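Q: Hi! Could you walk me through this protein while I look at it? I'd like to start with the charged side chains.

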Amino acid sequence: MSIERKGFGSAGGGEETRLFTLKAGPFSAGFSDFGATLVAFEAPAAGGGRDDLVLGFSRAADYEGSDAYLGATVGRFANRIARGAFSLDGKDFRLATNNGPNHLHGGKRGFDKRIWKTEGYEEGGAAALRFELFSPDGEEGYPGDLSVVATYRLDPAGILDLAFEAECGAPTILSLTQHAYWNLRGHDRGGILDHELRLAASRYLPVDETLIPTGELAPVAGGPFDFRTAKRVGRDLAAVGGYDHCFVLDREGGLAGSGAGEAAPALVDFAELRDPESGRRMRVATSLPGVQLYTGNFLSGFLGKGGARYHKHAGLCLETELFPDAPNRPDFPQATLRPGQVWRHATRYSFFV
Ligand code: GAL
């Protein structure tokens with residue numbers, strides 16, 4: 001295993017960024033300190049050679065100019081908060097609104113646009129990166145200082161582990177996610193509609209026209225949201241106009257909690273994605289209660305790394321998260337973090353080639 005470092009161009013007002021490439025066995029994962037972003041993930045191909053399975057750009061400035069969140073570590077709050085408003089302990093807060101009337105993925109300059117302090121290390125047979133970020137009280141409207149550590153670890157068996165830990169200086173809200181767009185055939189090999197997906201989720205969150213959950217936890221049974229038995233992603237996609245929904249992950253003992261101040265909930269194996277052409281499979285497990293299945297509906301045909309064009313459905317995101325708009329929904333698992341608590345969650349991606 002090894003860790004390579006090189007420049008990734010300037011961003012963030014002239015600051016230099018870096019690209020770190022973790023190598024473990026036949027796998028490699030490239031991350032930038034700009035956004036703690038997964039820029040590339042290479043896996044072997046059955047017939048020899050390798051493919052890069054995530055959409056990305058080749059320099060930090062392109063990430064800075066994009067609102068697609070390709071591969072980003074997203075915070076403080078993944079997905080939307082209605083009208084950017086919520087109250088906590090009787091106080092009202094206004095967040096930046098950057099998606100129509102709503103707050104999305106941390107606001108105008110979320111964690112995906114910040115340069116994280118990054119340290120690479122080797123551990124057992126694995127190569128790892130520890131990303132650290134400090135977010136001051138008031139940033140994008142959020143209360144309380146916040147310190148976040150995101151650790152990504154790649155082992156030679158094809159397991160990519162992500163672990164989050166965060167602490168705050170005053171009560172706040174938090175829901176961190178990883179926003180990679182996967183295409184198990186290769187990022188430049190067409191779309192994901194033929195991929196097969198299994199999701200262990202019996203319920204999902206219907207949304208309004210601005211993509212805010214209505215509050216209902218609706219059963220998936222028999223409808224287009226039913227992925228409990230593997231099916232082609234494209235099979236029922238037209239019926240929903242493209243997936244962009246949070247699924248409630250089935251878990252023994254009910255929903256996972258906020259992750260604040262508790263031992264991290266156990267990982268639940270909730271997804272398997274398979275590309276029939278390459279035969280590659282990815283399994284995902286998480287401690288979080290939900291996953292946003294997003295089928296790249298807003299990808300507009302822009303130019304990515306290596307001259308690839310990313311059209312609608314070029315990649316698919318499985319964003320493990322607390323539920324969107326949770327701060328305004330007392331009946332959802334709560335997103336509150338208080339001083340003295342540690343917010344702990346983990347997600348594991350396993351690859352089979
Ligand atoms: C997803 C979100 C989509 C869209 C996308 C970024 O996580 O669910 O609605 O905002 O990010 O383009």
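Q: Which side chain does arginine 114 meet in a salt bridge?
A: Arginine 114 meets glutamate 139, with 2.7 Å from N to O. Keep in mind that this is a predicted model.

Q: And where do those two sit in the chain?
A: Arginine 114 is in the loop between β10 and β11, while glutamate 139 is in the loop between β12 and β13. They are 25 residues apart, so the pair links distant parts of the chain.

Q: Are they buried or exposed?
A: Arginine 114 is buried, and so is glutamate 139.

Q: How many salt bridges does a search of the whole structure find?
A: It finds 25. One of them joins arginine 189 and aspartate 51, at 2.9 Å from N to O. Arginine 189 lies in the loop between β16 and β17 and aspartate 51 in strand β5, so this pair ties together parts 138 residues apart in sequence.

Q: What does lysine 305 pair with?
A: Its side chain meets that of aspartate 52 in a salt bridge of 2.8 Å, N to O. Lysine 305 is in the loop between β25 and β26 and aspartate 52 is in strand β5, 253 residues apart. Both lysine 305 and aspartate 52 are buried.

Q: Changing topic: how many disulfides does the structure hold?
A: It holds 0.

Q: Now the ligand. Which residues are closest to it?
A: The ligand is surrounded by 15 residues, and the closest are Arg80, His105, His179, Asp244 and Glu319. A polar side-chain atom of aspartate 244 is 2.4 Å from a ligand oxygen. For histidine 179, a polar side-chain atom lies 2.7 Å from an oxygen of the ligand.

Q: How much of the ligand's accessible area does the protein cover?
A: The protein covers 95% of the 300 Å² that the ligand has on its own.

Q: Last one: what's the strand order in the open sheet?
A: The order of its 9 strands is β11-β12-β13-β14-β29-β23-β22-β17-β20, with antiparallel pairing. β11 and β20 are the edge strands, each pairing on one side only.

Conventions: Residues are numbered from 1 along each chain as its sequence is written. This is a predicted model: local features need pLDDT of at least 70, side-chain atom pairs count only at pLDDT 80 or more; totals for chains, interfaces and linings use all residues. Side-chain values use heavy atoms; hydrogens and water are left out. Two strands pair if DSSP finds at least two bridges between them. Helices (H or I, at least four residues) and strands (E, at least two) are DSSP runs, numbered from the N terminus. A disulfide is a pair of cysteine sulfur atoms within 2.5 Å. A residue is near a molecule or strand if one of its heavy atoms lies within 4 Å of it. A polar contact is a pair of N or O atoms within 3.5 Å; within protein, one must be able to donate a hydrogen and the other to accept it, and residues adjacent in sequence count only if both atoms are side-chain atoms. Accessible areas come from the Shrake-Rupley method with a 1.4 Å probe; for residues, only the protein chains shown count as cover. A salt bridge is a side-chain nitrogen of Lys or Arg within 4 Å of a carboxyl oxygen of Asp or Glu. Buried means under 20% relative accessible area, exposed over 50%, partly exposed in between (1.4 Å probe, protein chains only).
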